[in-house]
Amino acid sequence: MAAVRVVILSFMFGWALAVMELNDNNFFDYAKRKEVLLVDFYTPWCKESKRLAPEMQWAALELGVQKSKNLAQVDCEGAGKGLCQMYQIRSWPQLKNFHYGTYTGDYTGPQSAEAIASYINTVEQSSSNFVPGYYPNVGYAMAPKDSLVEPAPPVVGALSCARCNIGKGTKCTKVVKKACVELQLREKAKKEEAKQNDDDKKRSVLVKKADNKKKTNN
């Protein structure tokens, strides 16, 4: 069946919809522009890689000209050897997901054209509902729109705020200025609280002295 598909594809389209072949030199330039990218890391001699190759080509046909660009392949024994070492590819083939050039996980579903095409369509639709967000204890990541929390405020200190106030801070943005104001308010609140605690202690000492004096007089 796979061989038949190869013949059909070659005859009908002359590989016009062939999966993009990437290498060490052009991978990141290409991947960084793709919201969804599924990459087949393969070797030419591997039996499973040979079986998957026509499935990838047929998936590209099913996806159409634009969406087929979300599929790519890397030859681990050719011009993509450095990439395969970087991602520690030790068995073939391996299908890996990338989001704007960042590796996001492996594809472990069926290695059929229908399943791969369906997967690309599903991920492409769901990725539109994800935007950069901030997770406590995790940091910035791609997060569902309905689960985002406010970005964490920048970490500022007295020195950086002082430099910002006199115009020498290299990253004195509005967010940083706001953080500095909040820092000043917190410091002021701490001082007032400390002063209040000190006054309470002094008042307590005076009250005790007064009580002791009354007991002595009695």
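Biologist: Which residues have the most contacts inside the largest nonpolar core?

Modeller: In soluble globular proteins, nonpolar side chains tend to be buried together. In this predicted model, the largest nonpolar core has 18 residues, and Leu38, Met56, Leu71 and Ile116 have the most contacts inside it. Such a core is a set of buried Ala, Val, Leu, Ile, Met, Phe, Trp, Tyr and Cys residues joined through side-chain atoms within 4.5 Å, where buried means under 20% relative accessible area (1.4 Å probe, protein chains only). Helix α3 (47-67) and helix α5 (113-127) each supply at least two of its residues, and α3 gives the most, with seven; helices here are DSSP runs of H or I, at least four residues, and strands are runs of E, at least two.

Biologist: What caution applies to such values?

Modeller: Local features need pLDDT of at least 70 and side-chain atom pairs count only at pLDDT 80 or more, whereas totals for chains, interfaces and linings use all residues. Residues are numbered from 1 along each chain as its sequence is written, and side-chain values use heavy atoms, without hydrogens and water.

Biologist: In what order do the five strands form the open sheet?

Modeller: Strands of a sheet pair through backbone hydrogen bonds, either parallel or antiparallel. Here the order is β1-β3-β2-β4-β5, with mixed pairing, two strands being paired if DSSP finds at least two bridges between them. Because β1 (20-22) and β5 (102-106) stand at the edges with a single partner strand each, one side of each is left without a neighbour in the sheet. Strands β2 (37-42) and β4 (94-99) pair in the antiparallel sense over five bridges, and Val39 stands opposite Lys96 in β4.

Definitions and conventions. Buried means under 20% relative accessible area, exposed over 50%, partly exposed in between (1.4 Å probe, protein chains only).
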